[in-house]
Amino acid sequence: MTRWTPDPTFYPSPGDAAGAPAEKLAYVAAFDRAAEKPDAIAVIDTDHASETYGRVVGWTDLPHTGDELHHFGWNACSSALCPTAPHPHVERRYLIVPGLRSSRIYVLDTKADPRSPTLVKEIPASALADKAGYSRPHTIHCGPDGIYVSALGAGSGDGGPGGIAVLDHTTFDVRGSWEADRGDQFLAYDFWWHLTRDVLVSSEWGTPDMIEDGVNPELLLGRKYGHRIHFWDLAKRTLVQSVDLGDQYQMALELRPAHDPSKEYGFLGVVISVEDLSASVWVWHREGGEFQVQKIIDIPAEPADPDLLPPALKPFGAVPPLVTDIDLSVDDKFLYVSAWGTGELKQYDVSDPFHPVETGSIRLGGIVGRVAHPSFPSERLAGGPQMVEVSRDGKRVYVSNSLYGSWDDQFYPDGVGAWLAKIDVAAEGGMALDPRFFPHGDEFRGRRVHQTRLQGGDASSDSYCFPS
């Protein structure tokens, strides 16, 4: 697992990462909603010159059923070069893959054959519960001193609090819970950090019993889902400050801090406002020693014929955007915002993070639109751009279409299907779908697809401690 020299896919600065070679493979979480077949990691050829470009070229089934693979990640990344807790001789080799429903965590080795990852360790739900007090692992981040795992629930059941567990870099054993003093933080979802400022940021969704069976209308209209963002002392592992966005802003989910370690701002996506069904994007920044959070983007709901809407939306006569993922290019220039409900991926120039400018939009799928991919114009697509991954050089964006099994069923009751699209990005903004890249349908063997990770790293996997 150790090297004599640092892993060549580790970069001290975001500028170095942006100049790295293009990825040749993408790893995609594929899950069986019926829990009859095992979930899997699908491997996609992303080498533009390859004869199998845009096709599934590898497949690794997991040993159990019912995992619902979600936000997996690398065991190590560029944060290993940070001087506060250096681990320069670990390798970006293992995929750490959590099952959101089963609470199991898998470790897959990609080194021997990158197209055929091999299962080398299974961390049972009991280990996460007994050693860290958590369940329902959701998001993986490779930190400078270990592997961080967010979890939605407590180890004792489907309630809270949720929080963060830490795995050992080398053995992958569960070390324990990360928090030393969580204050009144109870709901959990995403987390990330400003490593050079000793700040960790976390967001809120809901406990497992709040999200397991889809959006609960009583909880939503009762404004019970997460609507706060938390700022922690990373070194002391203590909660320092919480900011409430206002309880009309329900489900404060994805966090994307600036990659430039000299900056102390980042972006937060909010799924829905119960006042008008809009979605929003917010920016956090430090001012006078305190963190401030302000809304910078509003995306309105789109009117629709109630006859075309699923039961949950018929009374409203509109399609909410449902912003369920955002991603920030490594150069901190473009923010990508997925509106899963309306089937739109938006691109914003956020060079000035307080004054974003929309520079591109692509439509695929959507609750009402069902927009087809140009390479298969007769196929009405379900789902929409959901998980977003951006290449290190910022020239390619990959989007997959499934959110979470029960939520897919609620908003796309006739089936969500499975597809992965690639988008080419112009240097000054603007996007175009790649007609040669659209693995979908039977290529994923009856599974739905969620998170994508790129070989060698991507925009949402690495943190940097040195400026460009």
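Which residue in β9 is the bridge partner of C142? I opened the notebook with this, keeping in mind that the model is predicted. I found that C142 has I147 as its bridge partner in β9.

**Entry 1: β8 and β9.** I looked up the strand that holds this pairing. Strand β8 covers residues 134-143, and eight bridges join it to β9. The two strands run antiparallel.

**Entry 2: β9 and β10.** I then turned to the pairing of β9 with β10. Strand β10 spans residues 163-167, and five bridges join β9 to it, again in the antiparallel sense. As an example I noted A151, which stands opposite G163 in β10.

**Entry 3: burial of β9.** Is β9 largely enclosed or left open by the rest of the structure? I went through residues 146-154, counting a residue as buried when its relative accessible area is under 20%. Nine of the nine residues of β9 are buried, so the strand is largely enclosed by the rest of the structure.

**Entry 4: an open sheet.** Next I looked up a sheet with four strands. It is open, its order is β26-β27-β28-β29, and the pairing is antiparallel. Its edge strands are β26 (388-390) and β29 (431-433), each of which pairs on one side only. From one strand to the next, the twist averages 25°.

I wrote down a general point beside this: strands of a sheet pair through backbone hydrogen bonds.

**Entry 5: β28 and β29.** Strand β28, residues 420-425, pairs with β29 over three bridges in the antiparallel sense. Here D424 has A432 in β29 as its bridge partner.

Definitions and conventions. Residues are numbered from 1 along each chain as its sequence is written. This is a predicted model: local features need pLDDT of at least 70, side-chain atom pairs count only at pLDDT 80 or more; totals for chains, interfaces and linings use all residues. Side-chain values use heavy atoms; hydrogens and water are left out. Buried means under 20% relative accessible area, exposed over 50%, partly exposed in between (1.4 Å probe, protein chains only). Two strands pair if DSSP finds at least two bridges between them. Axes are lines fitted to C-alpha atoms, for helices over the stretch in contact, and angles run from 0 to 180 degrees between N-to-C directions.
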